[in-house]
Amino acid sequence: MADTEDPRRRFADLVKLSGLTSKFIDRDAERRVLEEGVIRCGLSLDEARGMMRAVADDNDYVFESETERRVRQILDKQAGKKGKISKKQFDQTASILRDFTNSSIGEQEARRQVKRIMIENGWKPRRAGILPTQRWYKGIEV
């Protein structure tokens, strides 16, 4: 019993370590931790994922992959048939993303991630302002 528990405990500690500096775990960190679980701890990928999720839930860690999936669903609804996102919808989605991450990322980073998701899915910004332009969108660096 001790042989199977030790690798699991070591892996749980690895997950906890990955969330020490920030409770927001990006894709690269998530992948590295999973690789460690499979290679060093001898867990199956499914076991490692399950343990990582359990530790994350216990410690309020948030995964970029999970927040991205949720944001993509929101943007998909907002884009509608025309595939366009208004500035107001964009700003709301960036705010929701910050809520999903428990404010672990800043406003600029949230805006950058929302724009990246829009680009990856082919959604376009809706023009806004007195003289309708897309400057609000173009000013966000990806």
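## Burial and the basis of the model

A residue counts as buried if its relative accessible area is under 20%, as exposed if over 50%, and as partly exposed in between, using a 1.4 Å probe and protein chains only. Tyr137 has a relative accessible area of 8%, so Tyr137 is buried. Trp136, at 12% relative accessibility, is buried too.

This is a predicted model, in which local features need pLDDT of at least 70 and side-chain atom pairs count only at pLDDT 80 or more, while totals for chains, interfaces and linings use all residues. Residues are numbered from 1 along each chain as its sequence is written, and side-chain values use heavy atoms, with hydrogens and water left out.

## Aromatic pairs

A pair of aromatic rings is described by the distance of the centres and the angle of the planes. Rings of Phe, Tyr and Trp (for Trp, the six-membered ring) pair if their centres lie within 6.5 Å; planes under 30 degrees apart count as stacked, over 60 as edge-to-face, and the rest as tilted. By this rule there are three aromatic pairs. In one of them, the ring centres of Phe90 and Trp136 are 5.3 Å apart and the planes stand at 65°, so this pair is edge-to-face.

Helices (H or I, at least four residues) are DSSP runs, numbered from the N terminus. Phe90 belongs to helix H5 (residues 87-100) and Trp136 to helix H7 (residues 135-138), so their pair ties together parts that are 46 residues apart in sequence. Both Phe90 and Trp136 are buried. Trp136 also pairs edge-to-face with Tyr137, at 5.6 Å centre to centre and 70° between the planes. Phe90, Trp136 and Tyr137 form one aromatic cluster.

## Charges over rings

A charge sits over a ring if NZ of Lys or CZ of Arg is within 6 Å of the ring centre and within 35 degrees of the ring normal. Lys115 lies over the face of Tyr137, 4.6 Å from the ring centre. Arg70 lies over the face of Phe100, at 4.6 Å from that ring centre.

## Gln113 in helix H6

Gln113 lies in helix H6 (residues 107-121). Its relative accessible area is 3%, so Gln113 is buried. Contact means heavy atoms within 4.5 Å. Not counting residues up to four places away in sequence, Gln113 touches Phe24, Glu64, Leu97 and Ile105.

## The loop between H5 and H6

Asn102 lies in the loop between H5 and H6, and Ser103 lies in that loop as well. Phi of Asn102 is near 55°, a positive value in a residue other than glycine. For Ser103, phi is near 60°, again positive in a residue other than glycine. Asn102 is partly exposed at 47% relative accessibility.

Technical notes:
Helices (H or I, at least four residues) and strands (E, at least two) are DSSP runs, numbered from the N terminus.
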